[in-house]
Structures are given as structure tokens and as C-alpha cells.
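Student: I have a structure open and want to learn how to read it. Where do we start?

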Amino acid sequence: MSETAGSGRRFAWPESAARPLGHPIQPSVAHVAESPDALDAHYAGRTAGYAYAREGHANADALAARLDAVEGAEGGIVTGSGMAAVAAAVLGLCRAGDHVVGGAQLYGRSLRLLGEDLPRMGIATGFADPTDIDAVEAALRPETRMILVEVVSNPTLRVADMEGLTRLARARGVLLAVDNTFTTPRGFRPLAFGADIVIHSVTKLLAGHSDATLGYVAGRDPALAAAMGGLAVTLGLTPSPFDCWLAERGMLSFDLRFERAGANAAALADHLAGLDGVRRVYYPGRADHPDHARAVRLLDGGGGAMVSFEVEGGRAAANALVRAAPELSFAPTLGDISTTLSHPASSSHRGLSAQARAALGVGEGFFRVSAGVEDIAGLKEAFSRAVAAARGAAG
Ligand SMILES: *Cc1c(COP(=O)(O)O)cnc(C)c1O
């Protein structure tokens, strides 16, 4: 057989006596087993390693180990997106005839999964305000299997009654699943607090550079992880090695980014509150936030990296605000290393009626800020300029 470019894969990978400082990327779809006995031993769990990438690979495991460490979890699973993690939790642990209660202000696609897709599969659902434990209790049924909440809601940053929810879930034998994306394990650790499942969109603050779409889900009980992991492999919810490698690199600076972004968010909240034309600031770290006392208790006194605010005026004022400060990237995400702005009325909450948005307090002048790690003086100047432009346009 003559040599072709493709046959190069028969050559041995060059080894080094010293190991690499950074982790390599291992994109190989398949691993070459030494014999049928060896493959059998792998699938029986008698040897460590990999066979086929959808079933697991080194970059996913390296990232999962870091995420497990910061969440205080064991055996967590990395998924191809945050929504894949939500899906693995709900579909891996519930069956037709079960009932799931979701927080009323969940991430938009989670609302849609619970509101439209699960009922189609015979899983009934309901919603309740997780800051109101009586409302959550009233939503429970004998067949309720899971409560799914976010600790801090989007975009008004209300803080869920996590003490009440863990107590209620325990008393009623219901699984408590917590999407910890906004809070991050630096702000709150659901498993240590008594929740059964923790979920992340790793896409956001954990990976931190808006270049990898990934999720993570871990259970307090290894049997839960096995059920979620098995479903993730079957449905192909598992991640790409390259994304895992990017996220692992991003996570190396997570603590530094989180501290700086949190400090910037707190400073911006106070700065915005002092600007003419700002009607209201929403930041759990401020004493004027309705859940401030709970945030101090649950979130270790930190208000987090997200701030929302409302300016006077309608869509014209909102457009002027965004255009006046191009360095504040207007992008429908959060957790980037740079500061991003989102406008719920035209994006995450566009599907709601104007009345429903008004009931949440989310009008045309409402913006959510995901603070980045920039120099705070420049950020304050940019927000002053943006709010002044909105004021001008509001007339
Ligand atoms: C972004 C987000 C998700 C979905 O994550 P993807 O990685 O975009 O799939 C889920 N929950 C929350 C709270 C989020 O912010």
C-alpha cells in the first residue's frame, strides 16, 4: 500500500519527557482499542479512558473536574449548551405523568421547554414566583417531581427564597434543581445549600469570553448524575472538545473576572442611581432592592455582576442610549469579559405582551447590564454619556 496523506495517522504522536503545562485539545472522535477484550473492559467500566467522543472525552472531563471543584460536586456532566444541561436534568429525571414547577421568570428557553415541550411529552408543568414560598407550595401537586428555579431572576434580579425552597422540596420529596448561571458558584453553591441539582450555562461567566457555548449539570446523588449523563449521551447533548478546551482556559481567570466584574457592577449601580434621567436601578447589593436582605444572607453580601436600570422615555430613548456608547456592546448575552447591555423589551421579553412586561416593570426604557472587567472610570463616563443621550431623545 502506498503512502497517502491520510495514512499519516498511523505514525506515532511525538512524545515528550516533560508534560505540557497547558492541557492539549483531543478532538479525536474515536480511540483505537488494543483488542476486543480491552474494549469490553472499557465498556464494563473496568478501565479508565475513552472509546467514542459523544460518550466522553478528555477535554470534557478536564472541564467537568474544574466545574465540580468550584460547585463542590462530584461526577458533574458538561453539555453542549446551557439549554442542553436544563434538558438533561428535566428529561433525564422526569417521566410522563410527572409534574414540574418552574420559576415564573426563568430564562426564556427554559420557560418554553416547560411551557410547551414538556406538556407535549406528557409532563405537566406550572409556574410560580420563587421569591414567594407560599405561591410555590400552592403550585405543587402530589405528582410534582421537580422544582426548577434560578437564584437571581432576569432581568429584575429578584432573589429566590432559597431557604424556603430547600425546606419545601425536602418536606415534599421533590427534586430542587437550581440554574446557578447568574449567581455563579462564587455567589451561591446550590448543592451545599441543600438543592439536589445544579445547572450552569457555562457559556456565560464561567467560560467568560463569548467564544464557547456549553453547559454543566451535577446532582447531589450519583444516581441522578448517571441518569442525566446517560440521557445526554443518547440525545447527543454532549460537548465538543474544542469548546471544552476554550472554556477550561477561560475558567482559569474566572475568580479574578468575577471579583472585578462584581466590583464594577456595584460601582455602576451607585453611579446610575445618581444620574438624572435614571428612573430606577435594580441591584441586589443595594439597600433599595426589594430582596437586599436575602441577597446579603444568601449571596455572601455580594450583589453579583448584573445590574439593571430604567431610563425615562420610550424606544427612541432606548435607541439613543445604545447608539451613544458603542463601547458598551449591545448584545443579547451576559458574562463576557467586556460589559454588555441587553434590552429585554426587544429581545428576551419580546414575546410578552406590553401589559405582562409592565407587570414585571420591564418597559421600553429598561436595560440589563452585564458588567465586565474594564476600568471603572471609563465605564462610568460611558454610562453618563449614554443616559444623557437617552434624556435628550426622551425630550
Ligand atoms: C444563557 C442561559 C441559559 C442557556 O444557556 P445556553 O448556553 O445559551 O444554552 C440558561 N439559563 C440561564 C440563566 C442563562 O442565562
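**Reading the ligand site and the backbone**

Tutor: Start with the ligand: of the 13 residues around it, Gly82, Asp179, Ser201, Thr203 and Lys204 come nearest. A residue is near a molecule if one of its heavy atoms lies within 4 Å of it. This is a predicted model; local features need pLDDT of at least 70, side-chain atom pairs count only at pLDDT 80 or more, and totals for chains, interfaces and linings use all residues. Residues are numbered from 1 along each chain as its sequence is written, and side-chain values use heavy atoms, with hydrogens and water left out.

Student: How far is the ligand nitrogen from the side chain of aspartate 179?

Tutor: A polar contact is a pair of N or O atoms within 3.5 Å. Here a nitrogen atom of the ligand is 2.7 Å from an N or O atom in the aspartate 179 side chain. For ligand oxygen atoms, a polar side-chain atom of serine 201 lies at 2.9 Å, and one of lysine 204 at 2.8 Å. The protein buries 92% of the 380 Å² that the ligand exposes when taken alone (Shrake-Rupley method, 1.4 Å probe).

Student: What is the phi of leucine 157?

Tutor: Most residues other than glycine have a negative phi, and most peptide bonds are trans. Leucine 157 has phi near 60°, a positive value. Leucine 157 is buried, with a relative accessible area of 1% (buried means under 20%, with a 1.4 Å probe and protein chains only).

Student: Which peptide bond is cis?

Tutor: The one from asparagine 154 to proline 155, with omega near 0°.

Definitions and conventions:
A polar contact is a pair of N or O atoms within 3.5 Å; within protein, one must be able to donate a hydrogen and the other to accept it, and residues adjacent in sequence count only if both atoms are side-chain atoms. Buried means under 20% relative accessible area, exposed over 50%, partly exposed in between (1.4 Å probe, protein chains only).
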